[in-house]
Amino acid sequence: MSAERDSAVGEQISDGGRKTAKAAKTAAAGGSASAKKAAPARKTPARKAPAKKATAKKATAKKPAAKKAAPAREPAAKKASARKAAPAKSSAALKKAPAPRKQVVAPKKATASVPAAPAKTVAAHPQGESRTALVRRARRINRELAEVYPYAHPELDFENPFQLVVATVLSAQTTDLRVNQTTPALFAKYPTPEDLAAADPEEVEEILRPTGFFRAKTKSVIGLSKALVEQFGGEVPGRLEDLVKLPGVGRKTAFVVLGNAFGRPGITVDTHFQRLVRRWKWTDETDPDKIEAAVGALFPKSDWTDLSHHVIWHGRRICHARKPACGACPIAPLCPAYGEGETDPEKAEKLLKYEKAGRPGQRLRPPQAYLDAGGRAAPPLGAG
């Protein structure tokens, strides 16, 4: 636009003012028209100019990025420092990483340990049986066995506490039947503690030979007889702490004597008792003293002696060690171990022993209640 004005002025100067006003007006109109025509041309560059500026800005924006990328091509010393810095960040990240891992793992351990505490208590019970349910089931088993064996009694022949304590010591590692067949000759020759304390060991050994381990048993019965004479005036004491001091007498023997000679409740934990209470999941303990405590806690003290008879009798007649007669068991619905033995009723019937199989029991002189219930007395030694 300025160039056009300059040319117009130049023309006026060269003409020396010869042009008329009309010509001037025409020139001015022409100039304005040319200005109007030139305006669009100016607008176009004006619009493109910002675009160019924008591209310029983009270029400038890209250039700093290139400058930032340039440090990657810096000398090896700077690269090494960058590498050293990188592990520091990664190690810091690794140090922070275990924190969330512990938070994730800790709950898993906690949830896994929740059932572990009751496991000691519940593991002993079938299918997560509660303590209350265990007590009810155990007492129901005892009631059922009391109906099956209403005549249950100690299966050792005895007439007084002295004979019972001696017979119980002799029953170790043998059957009550063999003891009952042996003690008549022993008590006939040595009826009192004083007599047995003064006996010739060789003669006693000869009498006790059928019971097995006769030398050790001879030493025990002579020793306990001497202790009774020297410490208790020839009388069997009626206290647990005194009985266990006698040679060959442990808690099992002491409770047999206390429960059956003195009428004081006690649990007799013999091999049959241990086997059955574990099969029934009353306890998982293996130590006799711990079994005694665990089972004793399930029953009132007044039931302990009869409970011992019921369990032992059931173990000898039906729930045998090697092959239980599950198919003939009266408490099968209450037994967690049902199926370990013969489940066929006919085959199980053939496994029964003593009076359950129509055969004699273990006592030569059983109580009248046993005979009234259909039990048969055992034959003496050497008979039949």
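**Figure 1. The whole chain, with its contacts and its surface.** Take the contacts (heavy atoms within 4.5 Å) between residues at least 6 apart in sequence: 58% of them join residues at least 24 apart. This is a predicted model, in which local features need pLDDT of at least 70 and side-chain atom pairs count only at pLDDT 80 or more, while totals for chains, interfaces and linings use all residues. Residues are numbered from 1 along each chain as its sequence is written, and side-chain values use heavy atoms, with hydrogens and water left out. The chain comes to 18 helices and 0 strands, counted as DSSP runs (H or I, at least four residues, for helices; E, at least two, for strands) and numbered from the N terminus. Of its 384 residues, 35% count as buried, meaning under 20% relative accessible area with a 1.4 Å probe, protein chains only.

Figure 2. Zoom in on Phe273: leaving out residues up to four places away in sequence, Phe273 touches Ile267, Thr268, Ile291, Val295, Ser308, Val311 and Ile312.

**Figure 3. The largest pocket.** About 870 Å³ of space sits in here. Of the 40 lining residues, Thr174, Asp270, Thr271, His272 and Arg316 are the closest to the pocket's centre. Helices H13 (251-261), H14 and H16 each give two or more residues to the lining, and H16 gives the most, with 7. A pocket is an open set of points on a 1 Å grid over the protein atoms alone, where a 1.4 Å probe fits, with protein on both sides within 12 Å along at least five of seven lines; lining residues have an atom within 4 Å of a point.

**Figure 4. Helix H13 and what covers it.** Thr253, Ala254, Phe255, Val256, Val257, Leu258 and Gly259 of H13 are buried. Their cover includes helices H7 (161-170), H12 (240-243), H15 and H16. Just after H13, Gly263 takes a positive phi of about 70°.

Terms used:
Buried < 20%, exposed > 50% of the residue type's maximum accessible area, 1.4 Å probe, protein only. Points joined across faces, edges and corners; volume = space filled by probe spheres on them.
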